[in-house]
Amino acid sequence: MDVIEFLVIIVQSLIQLPRKVGDELDEATRERMQQRAEQLRREKTRLLQELEQSAFAWGDLLFAALQQWQLWAVVGVLVLLFGLCWWLRKSSPQPARSGEETTSDSTTEDEEEESEGDDSDDESEGDDSDDDRRLFRIFAKRIQWSVKSLAYTSWAVEVLVGDLLAVLQERLATSFFPVLQTAIGVGSAFEGWSAHGRDAVYRLLVPLKPPQGHAFHLELVTAPWMPANNSRIRVELECTCTREQLLENTWCFLHHPKEELRRNPAASLLGSLCTGSYLDVQKTARWFQNLVRSAWEEMPQYHCYSMDLLPSNRSCMLQLTNASGRHLLIEMVFGVQQGNSDIFLSSQTTEPSFTSSTMWAESCAVAEAKFFRHMARQNRHEALYLKCLQLFAGILAGTVFSMSILKTVAMHLLNTIPPESWSRREFLVRLQDILWYLRGCLEEKRLNHFFFGNENMPEDIILPPAFQTAEPLNLFQHLVQDPAAHAQAMRDFDKLQDRLTRLLFYGQ
């Protein structure tokens, strides 16, 4: 509008310019012309200023609009880029993360494993390897089991039991009861796997040594195809007359009058923990339980856990409960070592036919624990065999197979297959090896005991001479003698195979 008004004024000024009348203009006319010219200049200046300001305003509006356009253009480009990235990621799936069990070591090993091999390898082989690793990760999530958690709890249990035994050893220092040795962690929880997850029972074997003036003699009774399950420990007195002369308040049990020994029956091992001349399992268990009950208040962990003694005739079973109500189960079994070997006569037995309290079972639990520790040193980055044992532990219910059988199969394979082949890239292959080995043993009706007559044994495992020279013991001998049992075992194997397939591929 201002521009139009400016143009109108200019036109008006041109129309209204005074005509030339010569040099003889009167004074009044000249003055009016000067005033009119001055007025036009002022109006022109005002209009020009308003026009410039109007131009600047239009420029600002145009620049602001341009900025808004650039903003929306950038937003649009970002949306397009985000959509493109999402589409590329969806069309090119990446291997799934391995969950809580993935560590920096295993990640490094995965990268090393993926970089290994010849470039000329078949692509299908690489695809199969990737599928094995994915399946391994999926399985590791499904079992909801943490090796680190088991390892930490095992260490804490060993510390607690060590403190407990230290208190008991101090109490028994001047007595003639069995001498308690350092406890040894045995069983699945200390081997690194557990069929019960967080509800695992942490089992330890407490070796017993004879006290002063006593000796243990092991009377082994071995069946033709099984370890000694009905052996006994005979307690004999030894002469300590020379020692009696050197030490005060001691006496020789062998030559001391029986009448005086009867006055102090608690001081004699024969009179307190034996039935006849043989060490009694049940009396030993009750004696140890009473010691633990009376010594618990002296423990450093007394204020952290409440302790309950669970019923047990052949061991000491503790249930510890912390402030949050979480339970921890600890079982202490007793054992007497065979010489300097890793084989013990143990109070623990799985045979329901055990009725005599003087019967002790030959146990390879310590040797098995040492074998799995040996394997752990060979497989430092990942222990695939533990995952396999954990898997089978969850699908054996309702079959004739025990975890002892599956563990024997796994130990035979661990002793023959190189450690580097127990990696996640060969997860399915190792599971297949376990099944095929078990089926072969069922067809032949023969599964050799791992420690009897096995010439391929790690050097750090010490076996008695009788184990080293013995013929291999057949754990499937009963299948030879019972065709119906063999037929049932074959049917249960098919059931086991079906369960494994459903667990791996359908999660049930």
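**Exercise 1.** In which helix is Arg293 found? Describe its surroundings in this predicted model.

*Solution.* Step 1: Arg293 belongs to helix H10, which covers residues 281–295. Step 2: the relative accessibility of Arg293 is 48%. Buried requires a value under 20% and exposed a value over 50%, with partly exposed in between; Arg293 therefore counts as partly exposed. Step 3: when neighbours within four places in sequence are left aside, Arg293 is in contact with Met307 and Leu309. Step 4: Leu318 is 25 residues from Arg293 in sequence, and their C-alpha atoms are 10.0 Å apart in space.

**Exercise 2.** Classify the ring pair of Tyr152 and Trp155, and state where both residues lie.

*Solution.* Step 1: ten aromatic pairs are found in a search of the whole structure. Step 2: in the pair of Tyr152 and Trp155, the ring centres are 5.9 Å apart and the planes stand at 35°. Planes under 30 degrees apart would count as stacked and those over 60 as edge-to-face, so the pair of Tyr152 and Trp155 is tilted. Step 3: both residues lie in helix H5 (residues 147–171), three residues apart, which is about one turn of the helix. An α-helix has 3.6 residues a turn, so residues three or four places apart point the same way. Step 4: Tyr152 has a relative accessible area of 55% and is exposed, whereas Trp155, at 49%, counts as partly exposed.

**Exercise 3.** Classify the ring pair of Phe372 and Tyr385, and determine whether its members are buried or exposed.

*Solution.* Step 1: the ring centres of Phe372 and Tyr385 are 6.0 Å apart and their planes stand at 25°, so this pair is stacked. Step 2: the pair links distant parts of the chain, with Phe372 in helix H11 (residues 365–378) and Tyr385 in helix H12 (residues 384–393), 13 residues apart. Step 3: Phe372 and Tyr385 are both buried. Step 4: together with Phe371, Phe450 and Phe451, these two residues form one aromatic cluster.

**Exercise 4.** Compare the span of helix H14 with its expected value, and describe the setting of Arg430.

*Solution.* Step 1: helix H14 (residues 427–444) has 18 residues and reaches 26 Å from its first C-alpha to its last, close to the 26 Å expected at 1.5 Å a residue. Step 2: the buried residues of H14 include Arg430, Asp433 and Leu438. Step 3: the charged end of Arg430 sits over the ring of Trp422, 5.8 Å from its centre. Step 4: just after H14, Lys445 takes a positive phi of about 55°.

Definitions and conventions: Residues are numbered from 1 along each chain as its sequence is written. This is a predicted model: local features need pLDDT of at least 70, side-chain atom pairs count only at pLDDT 80 or more; totals for chains, interfaces and linings use all residues. Side-chain values use heavy atoms; hydrogens and water are left out. Rings of Phe, Tyr and Trp (its six-membered ring) pair if their centres lie within 6.5 Å; planes under 30 degrees apart count as stacked, over 60 as edge-to-face and the rest as tilted. Helices (H or I, at least four residues) and strands (E, at least two) are DSSP runs, numbered from the N terminus. Buried means under 20% relative accessible area, exposed over 50%, partly exposed in between (1.4 Å probe, protein chains only). A charge sits over a ring if NZ of Lys or CZ of Arg is within 6 Å of the ring centre and within 35 degrees of the ring normal. Contact means heavy atoms within 4.5 Å. The expected span of a helix is 1.5 Å times one less than its number of residues.
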